[in-house]
Amino acid sequence: MSLVQFYIPSEVARECVAVLGDMGNVQFRDMNQNVSSFQRAFVKEIRSYDQVERQLKYLTGLIQKQEIKIRVNDHDELIMPPSTDYRQFYDSPSHLSASALEELLHEIASVESKVRELSFQKDEMSQRKADLTQHRLVLQNTRQFFESRLSLDLDDSDSLFNQVRLSTESSDSFIISDDEGDGVLLESGLGNTNHGGNSISTGRNELNVFGSTMNFISGIIDTEKFLILEKICWRTLRGNVYTNHVPLPEPIIDIKTGEPSFKSVFLIFTHGESLISRCKRIVESLDGKLYNVDSDYEVYKQELRTVNNKIKDINEVLLYTNERLLIELKQVALDIEKWKIIIKREVSIYEVLNLFNYDSTRRCVIGEGWIPNDDLTYINMALRDVTNKFDAGLSTIVNLMITNKTPPTYHKTNKFTGAFQSIIDAYGIATYQEVNPGLATIVTFPFMFAIMFGDLGHGLILFIAALTLVLCENRISKIKNRDEIFDMAYTGRYILLLMGVFSMYTGIIYNDLFSKSMSLFKSGYSIVGTQRGVYPLGLDPAWHGTENNLLFTNSYKMKLSILMGFIHMSYSFYFALVNYRFFNSRVDIIGNFIPGLLFMQSIFGYLTITIVYKWCVDWIAIGKPAPSLLNMLINMFLSPGTIEDKLYPGQGPLQVFLVLIALVCVPWLLLYKPLTLKKMNSNKIQLGISVESVPYTEEAEDLFDRGSNTIQERLSIDADVGLLEDENGEEEEPFSFGDAMVHQVIHTIEFCLNCVSHTASYLRLWALSLAHNQLSAVLWEMTIQNSFKPYSETGWVGSIIVFFLFGMWFVLTVCILVVMEGTSAMLHSLRLHWVEAMSKFFEGEGYAYQPFSFYRIILDMQAAEMEEERKLNRKSSSTESSGSIRNKPSKPSISDSKQRGRKKDALEKFIESPQQLLKSSLSQLRHTILVEGLPVECPYRSYIWSILLSGAPIESEWYSGIVSRGKVNSSNVVDTKFVHFGDKIENDVFRTFQNNKKFWSKIEEGELIRILNVFAWCVIEDEQVDFKVGSKISISPYVQGMNVLVAPLAYVCRSEPQAFALLYRLLMVEMPRYITPTLAGVMDGVRLVDLVLKTVDRRLYEYLDQSMANAKIYALPSVLTLCACTPPLEEVLKLWDFLFSFGIHMNVVLIVAQLLLIRGELMNTKNPMALLRNFPQLESSKIIKLSLSIARNIPDSLYDLIVRHTFDESVTLEIDDYKI
């Protein structure tokens, strides 16, 4: 790899970067690392293309909504693989001139505008049609009521309506006072015994019943909300109301959401326009829709006819609009993929240009990048041709830079080697010029797999499946939306192919074909069991079915796994020697490789030799039992020189010698390299050479000159390529003997222990091979073997049994033995390569070579689109909530309390009732909280707070989407003033309620971090969570103290979205000035504490003022956190019940009340700040009672400032002018 520098004239910068993107062999470096992304030179162009991408995304969404197929295969000529033959890209349709590109942008904008207008018209017409359809339903269903006699239904005590009224009145009578009525339904005298009065129409929206004129409204509402509507109207109108409804049998599709909902047509009768207007407001608050209906039949017919005509006209217009929209979208679908590719190319070009620098004259851009040495000639030629083609008077300069910066690691692969290289890269990117183990992995990975998977039949199935993928790879590669699992198999098709081939080979060696033996050659044993020869290849079939078969294969495969493991680790260890020699590291050869090799060979090399020797000796012929190698290895270290069962002559002295070699190698490994490096460093110091690395010495300059000559000879056709010296090279770290010693100690311990553990780890080859063989045998015996019975026993039914049992056996074989067992063996083989083999030599401290390539960028774009489509499909098929959000128990139902035999309290009844928006009911709730209070562990406190704060519910899916963005940091926020908020949140959350174990046993730290980050995202992106929420005050995404504010909310609420909704409402509506960058509201609140204290207790105020105990010092945390910074948490919750009921502004009064409760202690101490640094523990009941008394004694003008200081910016000046 070489580092090159480009000088490109500004006029051809876009064209030159485009051809480099087509060639795909330059990895650009960022020349503007200290410049924020929105201050770079080509931000304007990127923003314009971002707008175009949003337009294309909108069009794509409409196309998918209309289920129009986008043909992606028609634009393959735009996605050409990178090549050094740059001339083949000149005629590509993706290469557009500036004028042609401008025309394309204009065309996209025009099409998007036209489609958006048609879509808007369609939605508007659909909404009008839905309204008219609902109007028709209201007309048709209310007609049934007007055609009947209303008086009979009202006067009948057994009617359904009177039953509903009585049950409603009895169950919720605590809302209605005793003097509100004596059970009379209407004040017009409907309690009379006159049975003869009929309902008479008196005009639109009026009806004469029993001589009394009643007003009515009609409309449609969700069926589940009708009972709520009925109760609210009943209580609001004090019983002077009659309601009736007809549930619609078919659901109505919501035009905006597309979801079906069941609705009911309703009629509400009452007296007077005032009560009717109340009912209308109630209906609108419950998302109901009102329609005009007349009780007169002639008027009804005219209205119905008018509505039908309008629906007919709208249907025609809607049909025409939909046809036009479909025509436009089908035309767009033909070219939208092409447009996406072209726009993505242009965006990537300007993103690369943002990595460039301008020269001092701003006539050319300067860039740097890494390229393969062999491609330098082609790059220089391509840039020169592009520049000459645009303007012969311009020139592009390419300079080769000599630098000591570490280049990226580049391994050239093809479709065969790419999958094996990905195995290595998944573990780590090789250090630059480190030996690449990917080539050896082509053989070792499938072979290790085959040792565990060895079976000729199973290997054949795997081979056929992989061969099919290989033979059909051209057709499969053209499939854009491949299944994720299938795509993994397709990517590794050549790995699977070799795994199948090697498994067939080991299956022959094991003599296994679906767990059955094969007699390919004459057996080496006679029928009586005497040996008469040697089986030519693999295991003798005579072993199958014998009593000692399992014992023999166990011993054979166990020793075989040790041999394979030793060979695998040994050749991997020799890769370390290759690295040391290439980097001329003599100290590593002597200090690491040689002692390590001797240590490994003296123990485990000796073990492998004894295994082979034991196999070669005919122990039966010599009449001697074979000694145990395991006991030999144990005694070799526990009692050196002592031999119980001799394996060969001279065994004792040789083993003592090998043990001594292993012991000597340990200090050799430990001390040689650090001491040698220290000596070399000392010699440098004595010679006057700086300890820190100098970028270029005389020796380096000679090497630079020699390298320059070599490069110029190699690039003879490009003599104009300049050579520069990189002045910003990397400096080497100074030598530290302590660091070197610690590193070598760790290396020595790891190496010695790993030699033992890694050798034992290879026993998995034996274990999995044995398990695979036994499982295959059991499957055969349990399925297909049962079908092989004589015809005399089964008859013709036997053939059917064979057919079904064969199918069962084959399916289970493929699913269990090939797929599941194959996956297990593959993972174990992967572990043997990553841990046991690569740890012997692999450093993996490099970074991947990722050149700027349109081919890769476009493929990544298409892969991202497919992944997004998969997520949408999974989302539509599953309604499970996000796992990152804690799931808490659902809201306790009131029916549960009945079942448990507990009487409902007033607050539980309030939660159950639908009167949460009525002023009278809110007053009752506030009074109940003040008088009775909420229990400490109140299960419905979060719902009470939601009612008091008028909090809107938050969709979990929306909240999950914001959470998925992660924390606010520099990687996902453009504006630099916001990048540190994510870190601030984490640092502050860590300190929240540190000593409250009960709090942290219920709440996780991540919950608070997620809630605060979601709030920060909403502020940064100005995303309105609730249409009722809005503030013109400039607020900060996060201020210190918000972590304490969110903690009680998270503790009380049953879900993160609910806690976030309350936090958002609290901060954005109730106290927006508390979270401004200057904490303006908090500072005003602190000043108000002084004013209130001065008003109610001037003596205490003057004493604190003389003692330099200013409220800005002691009251700031309590004002900012609403007293939540003072324990205990249980008392904080009760104070918040009071604040949410009567106003956040009362926090100022609560703080003054806390001061008055400790007045005596403050007046008797010479240092009041010692007490005020940490307020005494809260006693909510005393504080609230005292605060109510204080509030009555505060002047109205001062109280008005207290009320407005949380949201009114003019309060600051008014406090300055306020005088007591």
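Which residues does the UniProt annotation "transmembrane region" cover? According to that unreviewed entry, the annotation covers residues 447-472, 493-510, 560-577, 589-609, 654-672, 796-820 and 1135-1158. UniProt positions are given in the numbering used here, with feature names shortened, and annotations may be inferred rather than shown by experiment.

This is a predicted model, in which local features need pLDDT of at least 70 and side-chain atom pairs count only at pLDDT 80 or more, while totals for chains, interfaces and linings use all residues. Residues are numbered from 1 along each chain as its sequence is written, and side-chain values use heavy atoms, with hydrogens and water left out.

**View 1. Two of the annotated spans, residues 560-577 and 796-820.** Residues 560-577 are 100% helix and 0% strand, and their end C-alpha atoms sit 26 Å apart. For residues 796-820 the figures are 96% helix and 0% strand, with 35 Å between the end C-alpha atoms. Helices (H or I, at least four residues) and strands (E, at least two) are DSSP runs, numbered from the N terminus.

**View 2. The second largest pocket, with a volume of about 2,300 Å³.** A pocket here is an open set of points on a 1 Å grid over the protein atoms alone, where a 1.4 Å probe fits, with protein on both sides within 12 Å along at least five of seven lines. Grid points are joined across faces, edges and corners, and the volume is the space filled by probe spheres set on the points. The pocket has 50 lining residues, meaning residues with an atom within 4 Å of a point. Nearest its centre are Pro82, Thr413, Tyr855, Arg856 and Leu859. Helix α25 (854-877) is one of those that supply at least two lining residues, and α25 gives the largest share, 9 residues. Also on that list are α10 (417-427), α13 (473-477) and α14 (484-491). By class, the lining has 17 nonpolar, 17 polar and 16 charged residues. Asp, Glu, Lys and Arg count as charged; Ala, Val, Leu, Ile, Met, Phe, Trp, Tyr, Cys and Pro as nonpolar; and the others, Gly among them, as polar. The pocket lies between domain 1 (1-31 + 356-408 + 850-873) and domain 3 (416-524 + 549-639 + 739-840), because both give residues to its lining. The domain bounds come from an automatic or database domain assignment.

**View 3. Strand β9 (residues 263-270), largely enclosed by the rest of the structure.** Strand β6 (residues 242-247) runs antiparallel to β9, joined to it by 6 bridges; two strands pair if DSSP finds at least two bridges between them. Look for Tyr242 opposite Phe269 of β9.

View 4. Glu67 sits in the loop between α2 (43-65) and α3 (98-146) and is exposed (over 50%), with a relative accessible area of 72%. Asn511, in the loop between α15 (493-510) and α16 (549-582), is buried at 2% relative accessibility.

**View 5. The cis peptide bond between Pro1127 and Pro1128.** Omega is about 0° here. Pro1128 belongs to the loop between α39 (1116-1121) and α40 (1129-1142).

Notes
Buried means under 20% relative accessible area, exposed over 50%, partly exposed in between (1.4 Å probe, protein chains only).
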